[in-house]
Amino acid sequence: MLKQAWQRWLDRRLPRARQVQLDQRRIFIFPTGYGFLYLLVSVLLFFGGINYENNLILGLCFLMVSLFLVAILHTFRNLSGLSLRAGASRSGFVGGQGSVEVVLVAQRRPHRALWLHWLDQPAQEISVEPGEESALWLNLPLSRRGRVRPPRLRVESRYPLGLLRSWSLVSLDQVCLAWPRPQESHDCPADGGDRERQVASAGQSGSEEFQGLRGYVPGDSLGQVDWKGYARGRGLNVKLFEEPASGRLWLRYDRLEGVPVERRLSILCFWVQRLSRENRPFALALPGAELPPGQGEEQRLRALNLLARHGDTEAH
């Protein structure tokens, strides 16, 4: 009950957002172990100074307390005004790790010796100078397929003296995709005829007649680049080949009838990976979603993302 109440209070005070600026409502501060020891020594000095009527000891006690109060202000200011923005993300396979980017923005003052981490992972240190941005990539375990939202991010600082710890629990609105884990299958779940499946198994190219050239787009296969034309100064172009409709490989979800959903997606993922390695053009058909024929790294990523989002009502 206490944990649930704490989470509800955090959701109200620190709601999920694409960008968060830390202020007095979002920053917590508390003495560290060294801070409590420091205060204990100050109290002992105070009683010792009174007991022995020693003004020098009392002066040292008051100096220590004053320094502690100043440390409260500076420890708080080291986080105050810092902005955190959700950046890019890197997907991965279930059982592995993805990663998300957190961008830190300093406006008027520097923010030094900051520690960022999920609540159950090691922290990473970073500093940001005034008027600059710094990005930090944090690993995210992918335990299930689909859209994985990172937990609350702990931003912590003990700067400058280590007597106090200021922190905030930030919830950034970002998502990392978890692709299905590939599961090997000897039968290709595709339409297109026996000739097509034999070609796919042999790893041969389904391209037949040269059709022309087009400009290179990042993600295109380097094996299709017109390197001779590039050497002659004609620019970076990609060769296009005409492929008959019967030779197109359509990976289909419904060809795995009777197989559990997650296993179907894992088998399709295996064939997406295999066909991409063989530089074979392919398409993908899922219930309610289709990916048109294509090839190369960009096609592979689109297919994997489509498999990851299958059944995700939030994605539609």
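Visitor: What makes R145 and E262 a salt bridge?

Guide: A salt bridge needs a side-chain nitrogen of Lys or Arg within 4 Å of a carboxyl oxygen of Asp or Glu. The side chains of R145 and E262 meet at 2.9 Å, N to O, so the pair falls within 4 Å and is called a salt bridge. This is a predicted model, in which local features need pLDDT of at least 70 and side-chain atom pairs count only at pLDDT 80 or more, while totals for chains, interfaces and linings use all residues. Residues are numbered from 1 along each chain as its sequence is written, and side-chain values use heavy atoms, with hydrogens and water left out.

Visitor: Why does this pair tie together parts that are apart in sequence?

Guide: R145 sits in the loop between β8 and β9 (146–148), and E262 belongs to helix α6 (residues 261–277), so the bridge links parts 117 residues apart in sequence. Helices (H or I, at least four residues) and strands (E, at least two) are DSSP runs, numbered from the N terminus.

Visitor: Why is R145 called buried, and what is E262 called?

Guide: Buried means under 20% relative accessible area, exposed over 50%, and partly exposed in between, with a 1.4 Å probe and protein chains only. R145 has 18%, so R145 is buried. E262 has 41%, so E262 is partly exposed.

Visitor: How do you know that E156 and R158 form a salt bridge?

Guide: Their closest N and O atoms are 3.4 Å apart, which is within the 4 Å limit, so the name applies. E156 is buried at 11%, whereas R158 is partly exposed at 40%.

Visitor: What separates E298 and R302 along helix α7?

Guide: They are four residues apart in α7 (residues 297–309), so about one helical turn lies between them. E298 is partly exposed at 31%, and R302 is partly exposed at 46%. Elsewhere, salt bridges with shared partners join R154, E156 and R158 into one network. The structure holds eleven salt bridges.

Visitor: What makes α6 mostly covered?

Guide: Twelve of its 17 residues are buried, among them L265, F270 and W271. After α6 comes N279, with a positive phi near 60°.

Visitor: What makes a set of residues a nonpolar core?

Guide: Such a core is a set of buried Ala, Val, Leu, Ile, Met, Phe, Trp, Tyr and Cys residues joined through side-chain atoms within 4.5 Å. The largest one has 28 residues, and L84, L104 and L116 have the most contacts inside it. Elements giving two or more residues to this core include β3 (83–90), β5 (97–105) and β6 (111–118). Apart from it lies another core of 24 residues, among them W271, A303, L304 and L307.

Visitor: How many disulfides are there?

Guide: A disulfide is a pair of cysteine sulfur atoms within 2.5 Å, and by this rule the count is zero. C61 is buried at 3%, and C188 is buried at 9%.
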